[in-house]
Amino acid sequence: MLLSFSSFLRNPLSKNPIKNPNLRPPNSHQILHFYTNGDEPTYQTERGLQFETEGAFFRHESATGRDLGVLSASLYKRSKQQLRVLDAMCGCGVRSLRYLAEAEADFVLANDANDFHRRVILSNLKNIDRGSGENKRWVVTHFDANRILSECYLNSDFFDLIDVDSFGSDSSFLRTVFNAIKRGGLLYLTSTDGYSSGGHRPYNSLASYGAFIRPMPYANEIGLRMVIGGAVREASAQGYHVTPLFSYYSYHGPVFRVMLSVNRGTLPDNKDYGFVSYCNGCGNSQSYSFEELGRMSCPCSNTTGSRSLVVSGPMWIGPLHDATHLTEMLNLAEQWGWVGNGTGIDLEKLLLRMIDESDPRLPSGYIKLDEVSRRAKVNSPPLKAMMSAMHKEGYAASRSHIVSKAVKTNCPMMDCIRIAKELQGC
Ligand SMILES: C[S@@+](CC[C@H](N)C(=O)[O-])C[C@H]1O[C@@H](n2cnc3c(N)ncnc32)[C@H](O)[C@@H]1O
Ligand SMILES: [Zn+2]
């Protein structure tokens with residue numbers, strides 16, 4: 001028998017946590033800690049909000065990812081006057097707390113399959129008035145993400161923002177998530193699978209995101225493109241079209257986070273969904289559409305399918321971010337005092353760099369200055385000098401938020417090498 005959504009809301013403290021064979025078992029060390037450590041709870045503070053983390057998976061380093069999510073959520077609320085959030089893998093509930101307190105969400109469903117976290121989640125949300133009936137502001141549940149997403153769909157209970165902060169390359173929820181999201185809503189996805197993005201498990205990335213990923217020198221950008229591409233494909237199968245508002249890589253983990261805007265529509269014809277090649281011979285990268293399959297070659301050799309060419313995809317090959325949305329996020333962060341005055345210089349720097357990276361002329365990937373200097377056989381020129389020379393020659397060039405000594409550019413590697421030599425007086 002199917003449990004109705006309202007039935008588990010009335011009785012959310014399940015005595016029989018679901019037995020899903022796919023569910024990752026909670027970290028035994030964490031549970032041990034939860035039961036055996038009789039200490040007072042450990043408090044953390046993020047943007048002035050205090051919460052406990054005891055027993056739940058929590059990373060202080062993910063604070064920027066939470067900042068970005070809250071900024072997008074708040075902008076959504078301001079423009080649509082409503083915000084219902086499903087925090088599908090909420091851990092200790094810190095995001096739910098932040099969506100309620102900072103983005104002023106009307107309602108948050110805080111779910112984590114592990115019901116050992118119940119006490120800590122409830123404790124963290126207790127300072128937000130729970131409300132009742134139609135005005136209920138939050139509810140805590142303990143179900144597998146796929147199950148709660150399906151229940152919401154079956155009950156026509158749709159959300160403006162769904163946040164799935166999953167481990168590894170778990171993408172099983174991509175099948176169910178689009179059913180529970182409102183048209184025009186936001187989907188915040190996470191992957192922590194650095195092996196797949198690094199091209200070390202191409203069949204794993206193929207299974208999870210529909211992309212055969214090979215080793216490439218800009219693996220961490222590929223990781224973001226792989227996640228967006230996986231969502232684009234699944235969305236399209238269900239009549240939706242997604243585009244990234246921002247894409248954020250963080251080396252802790254590593255973690256790949258993407259905020260997607262979800263709208264009705266199918267896969268467009270599609271210049272933004274395709275393949276990327278890297279030539280191990282000359283270091284050049286190129287993008288290809290599906291129509292160009294079988295005609296891939298590098299300018300350094302006229303042989304189609306040259307052995308030096310490594311190809312990954314299909315994946316998202318359009319802009320990583322939406323510059324307008326990022327600019328609004330930055331303005332809001334300034335209003336909230338999250339940047340400037342020496343308080344949030346990193347967030348400001350990150351958002352500014354992402355805005356630069358949004359230039360639609362910039363192709364996938366970045367070029368590391370070390371690689372240019374190695375190929376040019378000269379010392380690495382300063383990044384600023386390289387970029388300004390590229391701009392002078394009419395190329396698009398920006399820094400990358402992923403690697404500090406790299407440039408995103410449509411300048412081919414051959415010209416990068418020439419520019420580096422010229423700058424070094426060779
Ligand atoms: C990365 S942690 C969440 C951290 C939290 N979002 C934060 O910002 O601190 C992932 C959480 O997902 C839960 N989880 C794992 N598999 C799940 C599933 N299939 N459905 C729901 N929750 C799941 C785990 O218990 C864990 O607490
Ligand atoms: Zn080549």
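## Strands and helices in a predicted model

Helix α14 (residues 383–392) lies across β14 and β15 and runs at about 15° to β15. Helices (H or I, at least four residues) and strands (E, at least two) are DSSP runs, numbered from the N terminus. Axes are lines fitted to C-alpha atoms, for helices over the stretch in contact, and angles run from 0 to 180 degrees between N-to-C directions; two residues are in contact if their C-beta atoms, placed from the backbone, lie within 7 Å.

This is a predicted model, in which local features need pLDDT of at least 70, side-chain atom pairs count only at pLDDT 80 or more, and totals for chains, interfaces and linings use all residues. Residues are numbered from 1 along each chain as its sequence is written, while chains are lettered from A and ligands numbered from 1 in the order in which they are written.

An open sheet has the strand order β13-β15-β14, with antiparallel pairing. β13 (367–368) and β14 (397–399) are its edges, each with a single partner strand, so one side of each lacks a neighbour in the sheet. Strands pair if DSSP finds at least two bridges between them.

| Antiparallel pair | Bridges | Facing residues |
|---|---|---|
| β13 and β15 (residues 406–409) | two bridges | isoleucine 367 and valine 407 |
| β10 and β12 (residues 309–316) | six bridges | tyrosine 278 and valine 310 |
| β10 and β11 (residues 285–288) | four bridges | tyrosine 278 and serine 285 |

In the hairpin of β10 and β11, five residues separate the strands, and glycine 283 takes a positive phi near 85°.
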